[in-house]
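Biologist: I'm new to reading protein models, and I'd like to learn feature by feature. Could you walk me through this one?

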Amino acid sequence: MRNVLPLAAILLAVLAPALAARGTPPLDLEAVPVADLNATPASGDGLRDFDRVVLGGRLLFRARHPQLGAELWASDGTAPGTGLVRDLCPGPCDGGPRGLVVAGGRAFFSATDAVFGRELWASDGTAAGTGLVRDLCPGPCDGLDEQPIFAAWEDRLVFVAGEPGAPVLWQSDGSRAGTAPLLALDPGHFGVAVRLLAAAGGRFFFVVDDLCGLCDPPPPAQLWASDGTPEGTERLGPCRLCQALGSAGEIFYYAAQGALGTEPWASDGTPQGTGPLGDLCPGFCSSHPSAVVAVDGAAYFAASGDGGGRSLYASDGSQRGTRRAVAGDAGGRHGVRALTAFQDALFFASSSPLGDAVSLWSSDGTEAGTRLVRDGLRSFAGAVAMAAAGERLFVAVNGPRGRTPELWSSDGSGPRTRRLRSFARPPGSIPIEPVLEGLTALGDRLLFKAYDAAGFEPWVSDGTAAGTARLADLDHDPGSSDPRRLAAVGEVVVMVAEAAAGEPALWYAGAPGAAFELPIGPPAPPAFGRLGTALIYSGRPGEAAERRGLWRTDGSFFGTRRLAPRATAARGFVEAGGRLFFSAYDDEAGRELWSSDGSAAGSRRVADLVPGLSEPGGVILPEPPQPHSSSPRELVAVGAEVYFAAASAPHGEDVELWSSDGTEAGTERLADLCPGPCSSSPGDLVQLGGRLLFAAGEPQSGRELWVSDGTAAGTRLLADLLPGAAGSSPRRLAALGGRVLFFARSAAGGDELWASDGTAAGTVRLHDLRLDGSPAWVGESVRLGRRLVFVAAGEARGVEPWVSDGTPAGTGLLLDLRPGPAGSYPHALAVADGLLLFAADDGEHGFEPWVSDGTAAGTRLLADVAAGAASSLPAGFVAAGDWIYFTAATAVAGREPWALDRRTLRRRTVRRLPYGPFVPPRWP
């Protein structure tokens with residue numbers, strides 16, 4: 001009995017955080033819409049880029065949504081079964097899935113979540129089964145290119161990663177442990193690039209280009225094959241202008257340029273079994289073979305032969321076994337194209353001799369066995385695509401501009417070859433641009449991309465006219481005002497919103513149902529600054545004369561007035577000594593330091609740190625002279641003075657630390673931390689007890705932590721946390737309890753949490769942030785009372801909220817809102833009334849508003865604005881008057897302003913031990 005209680009206590013300690021995440025009931029406050037500022041629906045082009053694969057009876061594809069950006073979607077061929085798989089990059093940013101490939105029962109792709117950069121992801125078609133496979137370039141850097149080089153090989157993915165010029169072949173089974181390098185290619189003296197991957201006969205093939213751009217003649221590209229081992233990887237021979245054509249059985253087909261033009265080649269994966277299939281277009285012309293289609297083990301392709309137009313060829317992978325099967329200029333045919341296997345036969349399209357119609361043909365690979373199925377498909381000849389789905393063959397004919405694109409279906413016989421539907425062309429489209437694209441079989445139905453009044457969207461067809469319809473309007477916007485840059489002033493909130501599409505305006509609201517447009521001043525300020533009870537802001541260069549300049553508002557029409565007509569694009573606001581300092585642009589001096597006391601007379605440019613005008617640019621049409629600018633940034637107040645980073649050279653070079661007391665004479669460069677033309681680029685400036693801590697870089701120590709007492713002599717390197725030129729890159733400096741907390745890169749990879757009291761001895765590491773042995777990378781952070789709440793991302797635990805009270809023992813995971821590697825992706829962190837407000841996805845409710853008092857027990861879902869698994873994507877939390885305002889999106893109203901009752905939130909929020917000792921959860 002003695003061992004029972006300790007064991008129970010241990011289990012409770014281990015499971016408590018997970019139980020808290022799932023067991024704590026949501027506050028379920030009522031979120032109410034402030035106003036539907038834009039009720040005009042709009043549609044865009046959700047499928048401009050139709051990257052897709054079929055996985056387990058569903059189509060996975062990339063699509064763009066007005067609120068979500070470009071993300072991963074799936075469809076089972078029905079409207080109810082079409083939806084978002086996962087918002088890879090939460091909010092309107094693009095996860096941007098690219099290069100979708102199916103291998104081993106899952107879809108692989110490259111994507112970014114704005115935390116790890118562009119990396120390798122995999123999906124089984126569900127939200128829970130979609131996640132990061134491995135962080136190939138640890139941290140926010142990109143491990144993969146936006147257009148990745150992927151190939152399915154047996155039950156694995158083979159792909160290319162590595163530094164530019166030194167590519168590495170990798171393989172992956174979809175797990176982190178099963179994702180590892182296969183082979184590092186010798187970069188030689190100038191580096192190499194891999195530009196082709198394909199698989200056939202138990203091997204994968206790739207082409208390696210030498211990057212010697214100055215070599216004359218340039219080194220020829222080389223074709224390689226590999227069985228997945230270094231000893232089984234060998235060079236097959238030169239491969240100039242190679243293009244994969246596909247495979248049939250054990251043979252890989254490709255097009256390559258030889259001495260006699262571009263002709264078809266084949267390889268069985270050995271040097272002796274690699275060679276051309278013949279000179280199909282004798283002499284110096286090229287046959288330009290098309291993609292290979294396999295029927296009964298034979299390979300068929302179209303090519304331009306010797307005087308016979310574009311003909312059908314058959315091949316067994318050898319030169320002797322490659323022959324012209326069907327002439328392209330016989331039997332009323334004019335060229336062979338769009339080859340497709342259907343009903344154990346080969347189907348292809350051809351044009352009439354005048355090119356004014358398309359004909360459909362079938363063939364058994366012989367001239368005698370080639371017959372006309374249907375002539376006169378009624379769209380004039382343009383791009384033709386075909387795909388078989390179930391018992392139907394679908395033909396998309398994209399006519400040139402002025403001709404109607406059409407979709408046809410056939411059962412392989414002429415009488416049952418019928419037109420299903422005509423489609424429109426987008427205004428201003430290029431004449432040869434296809435409108436019907438991406439024909440993909442999904443069971444017995446066809447999914448494809450087409451254009452109509454809703455733009456480019458997914459369509460489905462069951463082979464009948466009635467069953468051919470738009471599947472979904474993915475990019476439909478019910479009418480979003482897209483409110484942004486919310487700022488509180490007195491009892492009201494001010495925001496930028498669009499009452500009509502593309503027409504931003506400044507609005508203010510004092511309560512739900514009471515929103516009004518401010519008809520004067522800039523319609524879309526880039527930022528707001530606060531001075532006392534007023535907001536200071538400006539528009540952008542090029543505003544109308546009556547709206548141009550620097551303005552002040554108290555949130556009402558009569559309390560809004562212009563302070564300075566010349567200052568535009570103001571940003572970086574900070575108050576010091578009763579004045580507001582900021583960076584602004586004017587036509588005379590460019591972007592320089594400004595200040596304002598809230599009056600017209602007291603709003604002025606402080607100094608022109610880089611005077612003069614640049615030389616006119618351009619060659620044919622010179623641009624007008626542009627002012628030089630110091631471009632002040634990273635402004636921070638220390639007492640009555642402001643410190644900032646600014647350039648000293650005409651073209652933005654030599655960015656160093658400056659200080660100003662608000663006068664031209666009192667504005668000077670404090671120190672040249674990187675002597676000469678280089679820049680130390682001070683950043684993350686924070687004030688601590690009359691001193692300044694910041695990050696800066698120079699060649700010897702890299703980017704490290706510096707300190708300044710306001711004098712040149714007192715500005716020095718505080719700590720070299722990661723010795724060497726790489727530097728630890730300190731960032732997100734935040735003052736907390738007499739010290740500064742910040743994050744820095746470790747030698748082992750990942751971020752570590754540090755604290756500094758402004759001395760070298762008092763600069764110590766608090767936590768390496770590792771969970772389950774994987775390094776973590778830090779995103780947003782915000783100060784909550786006497787704690788710092790931040791978002792940390794690790795491969796094993798995903799992206800979750802963390803908290804620190806400034807001690808090693810008081811630093812840990814706040815709550816695992818979504819257990820497992822998927823992560824809840826907290827973002828849009830804001831503090832109001834001593835509470836943390838943020839957006840997160842717990843895997844059940846989508847991205848919705850959450851609240852926390854800095855403890856696990858006090859962290860709860862606030863409201864399910866978009867009911868169920870849908871996401872309202874809240875952002876921009878700000879408290880004003882009796883309300884907490886934020887923006888959210890729903891299927892009915894689009895993205896509009898919403899509000900929560902501030903008094904109810906204070907009454908119903910659990911706030912235990914807000915400043916007491918923090919006990920981090922223990923994980924197995």
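This is a predicted model: local features need pLDDT of at least 70, side-chain atom pairs count only at pLDDT 80 or more; totals for chains, interfaces and linings use all residues.

Biologist: Are C239 and C242 buried or exposed?

Modeller: Here's the scale: buried means under 20% relative accessible area, exposed means over 50%, and partly exposed is in between (1.4 Å probe, protein chains only). Both C239 and C242 are buried.

Biologist: What about the disulfide of C89 and C93?

Modeller: Their sulfur atoms sit 1.9 Å apart. The torsion about the S-S bond of C89 and C93 is about -110 degrees, so this disulfide is left-handed. C89 is buried, at 2% relative accessible area, while C93 is partly exposed, at 28%.

Biologist: And how far apart are the sulfur atoms of C137 and C141?

Modeller: They are 1.8 Å apart, and the two cysteines form a disulfide. With a torsion of about -110 degrees, the disulfide of C137 and C141 is left-handed too. C137 is partly exposed, with a relative accessible area of 22%, and C141 also counts as partly exposed, at 28%.

Biologist: Next, sheets. How do I read one?

Modeller: Strands (E, at least two residues) are DSSP runs numbered from the N terminus, and two strands pair if DSSP finds at least two bridges between them. Here, an open sheet of four strands has the order β18-β19-β20-β21, with antiparallel pairing. Its edge strands are β18 (243–248) and β21 (274–276), each pairing on one side only.

Biologist: How many bridges join β19 to β20?

Modeller: Seven bridges link β19 (residues 251–258) and β20 (residues 261–267), which run antiparallel. Look for F252, whose bridge partner in β20 is S267.

Biologist: Last topic: empty space. How do you find it?

Modeller: Rolling a probe the size of a water molecule over the atoms shows where empty space is left. On a 1 Å grid over the protein atoms alone, a cavity is a set of points where a 1.4 Å probe fits but cannot get out; a pocket is an open set with protein on both sides within 12 Å along at least five of seven lines; lining residues have an atom within 4 Å of a point. Points are joined across faces, edges and corners, and a volume is the space filled by probe spheres set on them.

Biologist: What is the volume of the largest pocket?

Modeller: About 890 Å³. Of the 38 residues that line the largest pocket, the closest to its centre are L68, W73, L84, A870 and S871. β5 gives the most to that lining, with five residues.

Biologist: And the largest cavity, what volume does that have?

Modeller: About 50 Å³. The largest share of its lining, three residues, comes from β63. Among the lining residues are L769, R797 and W802.

Methods: Residues are numbered from 1 along each chain as its sequence is written. Side-chain values use heavy atoms; hydrogens and water are left out. A disulfide is a pair of cysteine sulfur atoms within 2.5 Å.
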